[in-house]
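Here is my note on the ligand site. Please read the points with the structure open.

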Amino acid sequence: MQTGMIHAHSGLRWILLILLIITVINAYMKWKGEKDFTSGDDKLSLWTMMVTHIQLLLGLYLFFTSGKVMLSGLDMANAVGRFYTIEHTLGMMLAIVLITLGRVQAKKIVTAAGKHKKIFTMFLIALLIILLSIPWPFRDLGASWF
Ligand code: HEM
């Protein structure tokens with residue numbers, strides 16, 4: 001069960017990253033190209049947000065079950081414990097809030113350019129935070145590529 005959840009959480013990162021990158025590029029091109037905001041654009045950011053919310057649920061499960069999270073007696077000198085207990089969790093939660101807020105705020109904007117710009121800005125910041133918060137194998141945090 002635990003291994004399956006870690007693999008699901010680890011693999012879903014790629015689907016999330018691909019969707020997020022497509023959403024950011026699409027919003028930028030349509031903002032600069034002065035294009036309409038279509039239902040396809042809306043669905044793209046919706047799917048991206050939904051995948052981040054699934055990732056949040058998997059992450060919450062792992063947070064309370066993983067041996068790498070130290071809910072009591074966290075030693076700040078322990079890089080792995082500090083990363084998963086604080087850095088990864090807070091960074092990803094901030095990114096998920098930005099993606100959710102970006103969509104909610106874009107809905108309230110009336111112009112197509114304004115909607116595209118809002119999605120572009122909020123999703124791009126979230127993408128950068130996610131890239132910095134992923135335990136890439138070269139960071140020696142005990143995680144793999146898949
Ligand atoms: C955009 C959202 C997220 C992404 C892309 C992401 C990505 C990842 C990746 C790639 C790993 C390494 C898996 C491996 O060992 O190969 C991981 C581990 C982990 N993540 Fe996330 N994560 C996200 C959100 C969260 C959130 C919000 C939480 C907590 C509430 C969380 C908690 C954890 C924990 C506890 C582990 C360590 C699991 C273990 O190895 O025991 N993640 N995450």
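1. A polar contact is a pair of N or O atoms within 3.5 Å; within protein, one must be able to donate a hydrogen and the other to accept it, and residues adjacent in sequence count only if both atoms are side-chain atoms. An oxygen atom of the ligand lies 3.1 Å from a polar backbone atom of Ser144. Another entry concerns Ser10: an N or O atom of its side chain is 3.1 Å from an oxygen atom of the ligand.

2. This is a predicted model; local features need pLDDT of at least 70, side-chain atom pairs count only at pLDDT 80 or more, and totals for chains, interfaces and linings use all residues. Residues are numbered from 1 along each chain as its sequence is written, and side-chain values use heavy atoms, without hydrogens and water.

3. Now the metal. His9 (NE2) and His88 (NE2) coordinate the iron atom of the ligand at 2.0 Å. Donors are N, O and S atoms within 2.8 Å of the metal (3.2 Å for Na, K and Ca); water is not among the atoms, so sites may look incomplete. His9 sits in helix α1 (residues 2–32) and His88 in helix α3 (residues 79–108), so the pair ties together parts 79 residues apart in sequence. Helices are DSSP runs (H or I, at least four residues), numbered from the N terminus.

4. Are these histidines buried or exposed? His9 is buried, at 16% relative accessible area. His88 is buried too, at 14%. Buried means under 20% relative accessible area, exposed over 50% (1.4 Å probe, protein chains only).

5. Last, the shell around the ligand. α2 gives the most to it, with six residues.

How values were computed:
Helices (H or I, at least four residues) and strands (E, at least two) are DSSP runs, numbered from the N terminus.
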